[in-house]
Structure formats: C-alpha cells, structure tokens
Amino acid sequence: MSDKQSRQSRIRNFSIIAHIDHGKSTLADRILEATQALTQREMKAQTLDAMDLERERGITIKLNAVELTYKAPNGETYIFHLIDTPGHVDFSYEVSRSLAACEGALLVVDAAQGVEAQTLANVYLALENNLEIIPVINKIDLPNADPERVKQEIEDVIGLDASEAVLASAKTGIGTDDILAQIIDKIPAPDGDPNAPLQALIFDSLYDAYRGVVVYIRVVQGTVRVGDKIKMMAGEKTFEVLEVGVSTPKIENRQELSVGDVGFITASIKSVHDTQVGDTVTHAEHPAEKPLPGYRKMNPMVYCGLYPIDTARYDDLREALGRLELNDSALQYEPETSEALGFGFRCGFLGLLHMDIVQERLEREFNIDLIATAPSVIYQVKLTDGSSVRVGNPSEMPERKFIAEVEEPYVKATIMTPNDYVGAIMELCQRKRGEFVTMEYLDANRTNVIYDLPLSEIMYDFFDILKSSTKGYASLDYEMDGYRTSDLVKMDILLNGERVDALSVIVHQEFAYDRGKAIVERLKELIPRQQFEVPIQAAIGQKIISRSTIKALRKNVLAKCYGGDVSRKRKLLEKQKEGKKRMKAVGSVEVPQEAFMAVFRMSHDD
Amino acid sequence: MTEIQRGAYIHIPFCDHICYYCDFNKVFMKNQPVDEYLEALSKEMNHCAMDELPITIYIGGGTPTALNEKQFERLLSNVDRFLMNPAVKEYTVEANPESLNAAKLEMMKRYGVTRLSIGVQTFDDRLLREIGRAHQSNDAEQAVRLAQEYGFDNITVDLMFALPGQTEHVLHQSLERAIHLHTPHISIYSLQLEPKTIFYNRMQKGSLKLPSEDIEADMYGQIILELEKHGLHHYEISNFSKPGYEGIHNSMYWRNKEYYGIGAGAHGYWSGVRYANVGSVKKYIESMYVDGHARISEHKVSRSERIEEEMFLGLRLMEGVNKLDFKEKFGLSMDDVYRLQIRQLKKQGLVHEKDGWLKLTQKGIFLGNNVFEAFLIS
C-alpha cells in the first residue's frame, strides 16, 4: 500500500446531526479537545459557531470544516474531517451538500427530549447520501434522561439499529472515547482514485477581503494542487489555484488535497456567485466527464423590501448589502422606492430564516436600523392586453381592471409524520389552501402526507404550526411545483386616510375579509396612540372592508414622585425618545418597525 | 447674588410593611441595624454641614415614623445638631398613619419640624388592603386630626390614583374625604408599575387589572377639577396647594437647585455633580465608617444637560420656565436653544407662552412626557 493509499484508508469524514440544543456544538468541542486540535487555553466554548449570531441563536449558518488528527488507542493515527451543517429547513439544500461530503454522521439525540422533527429531516438527508449513522444519546447526566426510551424511539421512528448507541454527556465528556472508536470502526474510509480527473464537491464558500473567495471542498476523485487551472462545472470561468489548505481549526496551507480530503482552495475568485454550493470543481484541461450529482441552482423564494429608518443611510444600506452579497450567493437585491418609506431595496431570500438573518446582520454588523416590509412570493400576472408581469412587491400589483388572472407559486409538500398526527396535518394543510395529493404508508408507524400548497401559505409559520401540532415529530420537505391560477386580490391598508404602500398584501379573495379585520386589529395594537385619532382601514380597490381606530393619546406624564432621582426621570425620557427613533413617520403617523411585518404575520396566524 | 440655596434630603429606608407598588429603597425593619444606621446618617450630616446649611430639610422613606420613639428622637436631635439652620424655610417629615403618634408629634414640634407629609394613598379600605397598606381610612383621618391638634397646620396628604380596581367614584370619595380634612396641600400620584414590586410580578402573571389609559386620563382631569374647586391650586403635575403652601423642598428639585442626599440610596446634587449613595443599609453603614462617604455613582452635569434639566424639570410646574431667568442662568435665550422644539410643541398645542414664561397648556399637562422629551437634545 502506497503512502497515499495508507493515508486515504485512515481518513474519516463525518458530520454531526442534532436538533437545536441537543448538544451538537458541545460535542464538537469535545472532539476537538480529544484530538488536541486546540489547547484548553485556545478553546472558546463552541468553537465551530464563529458568527456571534450563530452562537446567540444556537444555530449554524455558515458551514465550517476542520481536519483533526487522532492518535487512536490501537496506535494508528487517523485523519478526521468534521463538517458542520446548518440547522434549519431554509438551508436544507446546504445540509444535503455538506452531508454529501461525508461518509458518516453522528446522530445526537437528547436523552430526555428524544428525536425531534428537524433531526428526522436531516437523518433522511443523510440516509439519502448513504451515510453510516452513529447514534449518540447525549445529556445522559440530566436527571430526566431516559436513554432506553430514546433508543427505542430511534429504532421506532427512524428505523436505525440503536443497540450500540453511545451514551454520552458532551458537557462532562462521558462517552467521547466511545464515539471516537465508533467513528474509526464504523465510518468507511473514502474510496476514489487520486489519479482520476478531479471531482471536488463545493459545500461552502466565503468571501475574504484579502484572498477572494475561499471555496470549501471535498475531493471525491483526483487531486488538486497549487497552480492547477480549475473550473466550476456549472460555470464558465477558469481560475488558477493559489492556495490549498485545511483548517485544524487554525489555517494550514498544503500543497495538495486528494481523495477524501476536506479543505479549502483560493483562486482569486471575486464573487461567491461563481462558486455555487453543490457545484463540482474540476481541472480546466482534463475535466471530469460529468459533475457530481445533486447540484441545484438556488433561487430566492421570498422577497421583501428593506428600508433604512433614517433615510440618510440609504447609501450605507447599499454598501452593506453589497458586502453581505459577497458572502451569500443566495441573496439578491435591487433598488426600489416606496411612497411611505422612501428609498430602499427589494431583496430576495431562500426563506424566512435567511431573511431574518440578513436583516439582523444589517442591523447588528452595520448598525443600520431597518424597516422590513412583509415578505412576498413572486406572482405572475396576466394582463388583459395579453402581456404578463412578475410582481414581487404587493404594492406593484396592477389595478384589478387590467388583470386577466394572477398565478402564484405552488410547492409539493411532503410531510412525514407518525400516524397519530395525520388528521392534524390534513386539517392544517386544508386551512392553508392545500390540495390533497396522496398519502404513502411508510411502515406501521409513519406516513407521508403529500399536499400541493401555495408557497405563500407555507412561507412563514407553517413549519412552526406543523411542529407544535405534531409535538415536533413531523418533518417537512417541499419542492417548487410551478404556478397556478388563484383568486388573489391586493389589499391596501390606509392610515389616517392615506394608503401606505409598504403595508399592502396579496390575499386570497375568500379570506380577504377575515384577514383585513385581523390586520387592522393587529395594527391597532402595534401602533402606539398618537396625539390625534388615527383611523386604520383595509381596502380592496376602493372598497373598505374593515376599519378600526387608534384613539388619541390622552395621558402621558410621569405623575410619580421620584424624589431627587433626576437621572431616573432623564433615563425614562431618553428611553421614550429612543423608542421614537425606531419608528417611521408615515405621513403624520409614527409607525413602529414591527407593524410592517405584522401585516404578514397576521395574514397567516388565523 | 451668588448665595447658594440648598436642600437636604434624609432617607430612612425602614418599613414595617412593604406596599405592593413601592420600588423605593427600603427594607423590612425587623433585625436591621437601625441604631448603626442612624449613627452613619449623623456622620454624613456632619460632613454636609461643613459645606453650608440647607434651607429646607426633608426626611423621607421608607417610613421615618417606623422608627421607635427613642430612635426617632435620636434622628431628630442629630438633624438638629448638624443641619439645623435658623433660617430654615421648611422642615418636612414623612409619616404613615399607623405609626404617627402623640409622642412623635410632640418630638417633631419640639425639634422645629414645620410640615408633615402623611401617606394616605386612598380612603377606600378595600383598596388600602389591596395595595398592601397597613392602615385603614379612619386611621388616616385620625392621624391628620391629631397632627392638627399638635399645631401642625402645614400638612400634605399623599394620594394615589389609577390603582387596580379603583373607579372614578371611589376616587371621588377619597378626594372628598381628603378635602374635608382641610390640609393646605395634597399630592396625588398615579400608580406606576415598577420592576421588583409585588404589583409588577402580578402584572407579569396577568393577575393585575389596571384602569385603562382613558380612565386614567379621566381620573386625572377629575382630580384637577375637584381640587381646584376647593381652592387647592394645581401648581405642579402631581401637586395641589392653597396659596403660599407650595412645597418648598420639592420645588428645589423642579427649579433645578442643589440638595444633599443623605442616607442609603439617597440621590443628591451638589457642586454640579449628581450622585447616588449605595442602596444597601449594611454597605451604607460600612462605607460611612470606612470611607467617610457612601457614594457609588457621580455624574458631573454638563452645561447642555443642565439646560435640558432646567426645562424638563421646570415645565412640571404650572408656572413654567421664565425666559429671562433662563437667559440670565445660561447666557443664551431659550429661543436660541429650542426654537424648533418650541415652535413644534406650540403647533401641537402642548405649550404656550405668557408674560415671558413658557408653560404647559391643559393638553400639555396630560402629555407632559411628550413635551419634556422634546427638550432632550444632547
């Protein structure tokens, strides 16, 4: 066996699949520690989640991959690649690509809470990618831990053999050695020919101001070296490799990456849009015959308007979006204008979490206070003159008299659920204008419920309701399923008699009255009393379908004796003033940020 | 004229009962080192006295009258020894109806206390229980009458409104009974929910029902109307008096004057610095012994903050802020500093000007915070 073959036989590539809070990051830390990738002093709790936002929300947004060397008790030294996966349905495509870069996965399940829906969805992605799965029952030191029940659940719900599941506590380190042993024994070494034409899977990329795009790859066939001319098989451009390396998690440059290696390359690539996740890197001169399977171009599914509260910060917002776009190939944006909100951008996102994250990063990293309008899907509108337009902003929906018909995007949703919840799921889908397609009985316990649903209906809280009405067991997968004609109308909202374009929504005719009422009531709660009475109306065309009134502010004066504590009075006034800065003056009415989103939330909550 | 006139506030953080709405610095009296506290207080008074004697003295709490007679006398005699100024214009002590007795009244008369502030809150017995007060309405009336018998004519009664379950009718009855006592001064505060109070916790749990903003506004209007009708002049957002009986000490706060803050958790304003003492009784005593002072925070008030405070404190007074005084004090005209804000507030009908005073309109009184906020510019 050559050195290269020997090395390849000692590589183990794996991910960790876990529900939020079930201990993925802590377990990753234990593995890093056990392989002495970091000294204790270098350990910052939960090393892999690099962005503040990730650490705070306990979710992983950008992927990370580390190479670890582990000297096993049998005397051999193994090379581990631990590939992190994002944890949300918006990013299920990225999850599937990072799992495709592995031969195995640790399935971490909380010893008290058991298997949850998100875990289930990712386990099935892993099984689709033929991964060897090692069940780990974590947090066995918790007083309410019940590992036997959870084992049974893994067998019943997922259908995995859990007899050798590791009982662990990532927090205290119990079970870590056992996990490492199973990684070596159970996860196969990568197979592939280092001399074949290069096929390397891109599972992530990020933009670095000094090096250009850093492309994270898993080499499936062949070898990539510094100086190689490469190209992405879904793109046209060729690049020359400048750097090849791995993260341990310190950056280490290498001369080459070969079969089974997981690392990065840089090649003076200017934009992450040239390095789409799931694409295949190959040599420009001796390209592979075909790309690795599974590549999908990601298109935004959800659009919303983003406006700076302080109109003077429009240019800052443009610059910030540009900076985020460098690193986020799914983000799209173009300028737009609103009568109510002024100058801003219409932005496209993969889903609502993606949208939330972008907004939060703009506010946090770039300090720009934003108004986000309600997210919308793209409607295809056929006009009476025979032409058609795409509308991603409800306020731009043409007048009714010019519209022949409106089509909205549908998805085919596959909901996998334990049998007990089939009824609840059908009821939910029905309520969301779903059309029943079929049901597939998977085994004695599980069923796939398949529905055609309007994308706009599942965009926001469908997943949350699904989870809460099935105790978290159901999982949702969906794919775009073309456009269908629907009886949709634009509903306008008027504040103090003036139409506020940023509050317009597209609703189904049948639900228009109820939603109009709900939105008006919600706005009444959210918009604080002003010094004058403010009528709120919902209208379809010229017809008012619902109305309410925000009464005038009548008393706002601190009639309390704070004694000599003037600083407290001052703070109170400052807080009040600060609160107003977070509001947007729409005409003469001060409207808080949340109100713009509320229109959307309301239109789905009832 | 460079005479500096200062007040002195002395804090007694002890209570026999904790009221459900109170977030002032206070502790249950039982097992507290009260004597050591009084000793520490006298150190701080002594320290203040080295500077200049105050022209007003105000002993507040907590519950000053919760002290036993011996402790109470000790407090008064220390004040007399360290702070008493022959030219003192007002010397107020806060008292609760259940702990104000003949002996304490006699002592206060003897030590030159000129004014009593009696915490009545409401004359509705059910409400008194529900806000955690230890007295009943009869106790309150008896306490006021007893004080009057001891020759205290300058008495202020503290009332509250917008209490949970309080109706306008109940409020009306309280106002009537307060007016009937013929005190020359009434303070009436609306309930504010503050963290770390029993009411706040109940609110979080959803078991506290407060009057709506509309009812609160109606009540406030009713209060102004009823008290004015009986010759109690509305001179500050929460204060009403017969002519000549306006609170002098509190007016020092509103006129942006300086005052010593003495005791645990007390706030003071001295030589251009706003400061706060440590709140814990134990730490206060320790600090006074070890460091000779108990300040935990100090803030040098900048010129622009002083200007803001002049406005947002001064406008609480119905009289308003005098434009000439402003110019004399800061060397700038009020209009130069606040032209836009004043124009905007006038347009909204919240302030108006009369004889060189900028003051709140009737609407502005109800929306005072909208006015005060506008004067924060730094």
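# Exercises on a predicted two-chain model

In chain A, the centres of domain 2 and domain 4, taken over C-alpha atoms, are separated by 38 Å. The model is predicted, so local features need pLDDT of at least 70 and side-chain atom pairs count only at pLDDT 80 or more, while totals for chains, interfaces and linings use all residues. Residues are numbered from 1 along each chain as its sequence is written, chains are lettered from A and ligands numbered from 1 in the order in which they are written, and side-chain values use heavy atoms, with hydrogens and water left out.

## Exercise 1: Domains

Find into which domains chain A and chain B are divided.

Solution. Begin with chain A, which is divided into domain 1 (3-186), domain 2 (199-283), domain 3 (302-372), domain 4 (380-486) and domain 5 (489-605); such bounds come from an automatic or database domain assignment. Then turn to chain B, where the assignment gives domain 1 (6-254) and domain 2 (303-374). The C-alpha centres of these two domains of chain B lie 29 Å apart.

## Exercise 2: The interface of the two chains

Describe the contact between chain A and chain B by its residues, its buried area and its salt bridges.

Solution. Step one is to count residues: the contact, meaning heavy atoms within 4.5 Å, takes 27 residues from chain A and 39 residues from chain B.

Step two concerns the area. The size of an interface is often given as the accessible area lost when the parts come together. With a 1.4 Å probe, and summed over both parts, chain A and chain B bury about 3,300 Å² between them, 48% of it on carbon and sulfur atoms. Of the area that chain A buries against chain B, Arg554(A), Lys555(A) and Arg570(A) supply 22%, more than any other three residues.

Step three is the count of 11 salt bridges between chain A and chain B, where a salt bridge is a side-chain nitrogen of Lys or Arg within 4 Å of a carboxyl oxygen of Asp or Glu. The side chains of Arg568(A) and Glu194(B) meet in a salt bridge, at 3.0 Å from N to O.

## Exercise 3: A sheet in chain A

Give the strand order of the open sheet of 6 strands in chain A, and name its edge strands.

Solution. The order is E2-E3-E1-E4-E5-E6 in chain A, and the pairing is mixed; two strands pair if DSSP finds at least two bridges between them. The edge strands are E2 (65-71) and E6 (166-167) of chain A, each of which pairs on one side only. E2(A) pairs with strand E3 (residues 77-83) of chain A in the antiparallel sense, over 7 bridges. Thr69(A) stands opposite Ile79(A) in E3(A).

## Exercise 4: Backbone exceptions

Locate the cis peptide bond between Gly61(B) and Gly62(B), and the positive phi of Lys139(A).

Solution. Most residues other than glycine have a negative phi, and most peptide bonds are trans. A cis peptide bond, with omega of about 20°, joins Gly61(B) and Gly62(B). The place of Gly62(B) is in the loop between strand E4 (56-61) and helix H2 (69-82) of chain B. Lys139(A) has a positive phi of about 65° although it is not a glycine, and Lys139(A) is found in the loop between strand E5 (132-138) and helix H6 (147-158) of chain A.

Note on methods:
Buried area = accessible area lost by both parts, 1.4 Å probe. Helix = DSSP H or I, 4+ residues; strand = E, 2+ residues; numbered from the N terminus.
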